[in-house]
Amino acid sequence: MEYLGKADAFSSFNEIYQKYREPFTKLAISYVGDRSIAEDFVTDSFIAYWENRNKLPSNANVPAYILVSLKNKCLTYLTRLRKEQEVIDSIKSQYQWELDFQIASLEACDPQEIFSEEVWQLVNDAIRSLPEKTKEIFLLSRMEYLTNREIAEQLDVSIKTVEFHVGKALKVMRVALKDYLPVFFLLFIK
C-alpha cells in the first residue's frame, strides 16, 4: 500500500474507509476464516484509528496504522482459538484415556475369574477383616441391598455414619481386589 501522510492523504474518515475496507477485510478473512468476524475487526481497527488520529504524528502512515491494529486483533483472536483448542484437546485426551481404560478393563475381565474361588476367598477375607459395625453396615448395603436410609433407620444411626462405614469397607475391598478391578465394580459399586 502506498504511504500517505495524514494531513494531505484523506480529507475524511469515509474516504479512508472506502479505499481500504475491502482489502483489509479480505486479508483478515484469510486469517480468521469468517467474514463477519473479519469485518468486525476491520471496523474496530478503523474506529481505533479515528479515535487516536489526533495523537498520531502528522506524517503517520494511516493505512499501516490501521493494518497494525487489524493484525493485533487477528492475532489475539487466533491465540484465543488456539488456547480453546488446547483445552478441547486436553478434554478429548482425558476422555480417550478413560475410554481406553474401560476397554482394557472389559477386555481383561474374565467371567470365570469373577466367580472363582480365589476371588470369593479374597472378598470373604476382606469382609472378615472389617470392624464389626463396618462389616454389618457393608453387608446390609451390598449383600441385602438396603439403602443408606433403610440401614440408618434399622440400626438407629445417622445416614452419614452409614456412608462413612460403607466408604471405609469399599476402600478395603478395592485394595483386596486390586488385581480384579472389574470384579470390584461388578460386585460392590451401586
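Trainee: How many helices and strands are in the protein chain?
Mentor: The protein chain has 10 helices and zero strands. Keep in mind that this is a predicted model.

Trainee: And what share of the residues is buried?
Mentor: Of the 190 residues in the protein chain, 29% are buried.

Trainee: What about contacts along the sequence?
Mentor: Take contacts between residues at least 6 apart in sequence. Of these, 60% join residues at least 24 apart.

Trainee: Let's look at a helix pair. At what angle do H2 and H4 pack?
Mentor: About 25°, with the axes 11 Å apart. H2 covers residues 13-32 and H4 covers residues 62-108.

Trainee: So are they roughly parallel or roughly antiparallel?
Mentor: Roughly parallel. Angles under 35 degrees count as such, and therefore this pair qualifies.

Trainee: Which hand does the crossing have?
Mentor: H2 passes H4 in a right-handed crossing.

Trainee: Which residues meet there?
Mentor: From H2, they are Ile16, Tyr20, Phe24, Leu27, Ala28, Tyr31 and Val32. On the H4 side, they meet Val62, Pro63, Ile66, Leu67, Leu70, Cys74, Tyr77 and Leu78.

Trainee: New topic: H8. Which of its residues are buried?
Mentor: H8 spans residues 148-155, and Ile151, Ala152 and Leu155 are its buried residues. Seen down the helix axis, they fall within an arc of 100°, so they line one face of H8.

Trainee: What do the buried residues of H8 pack against?
Mentor: Helix H7 (132-142) and helix H9 (159-176).

Trainee: And which exposed residues sit on the face turned away?
Mentor: Arg149, Glu153 and Gln154.

Trainee: What happens just after H8?
Mentor: Aspartate 156 follows, and it takes a positive phi of about 55°.

Trainee: Last one, lysine 135. Where is it?
Mentor: Lysine 135 is in helix H7.

Trainee: Is lysine 135 buried or exposed?
Mentor: Buried. Its relative accessible area is 17%, and buried means under 20%.

Trainee: Which residues does lysine 135 touch?
Mentor: Leaving out residues up to four places away in sequence, lysine 135 touches Ile127, Arg128 and Leu130.

Technical notes. Residues are numbered from 1 along each chain as its sequence is written. This is a predicted model: local features need pLDDT of at least 70, side-chain atom pairs count only at pLDDT 80 or more; totals for chains, interfaces and linings use all residues. Side-chain values use heavy atoms; hydrogens and water are left out. Axes are lines fitted to C-alpha atoms, for helices over the stretch in contact, and angles run from 0 to 180 degrees between N-to-C directions. Helices (H or I, at least four residues) and strands (E, at least two) are DSSP runs, numbered from the N terminus. Angles under 35 degrees count as roughly parallel, over 145 as roughly antiparallel, 65 to 115 as roughly perpendicular and the rest as oblique. A crossing is left-handed if the near helix is turned anticlockwise from the far one by less than a right angle, and right-handed if clockwise. Contact means heavy atoms within 4.5 Å. Buried means under 20% relative accessible area, exposed over 50%, partly exposed in between (1.4 Å probe, protein chains only). The arc is that of the directions from the helix axis to the C-beta atoms.
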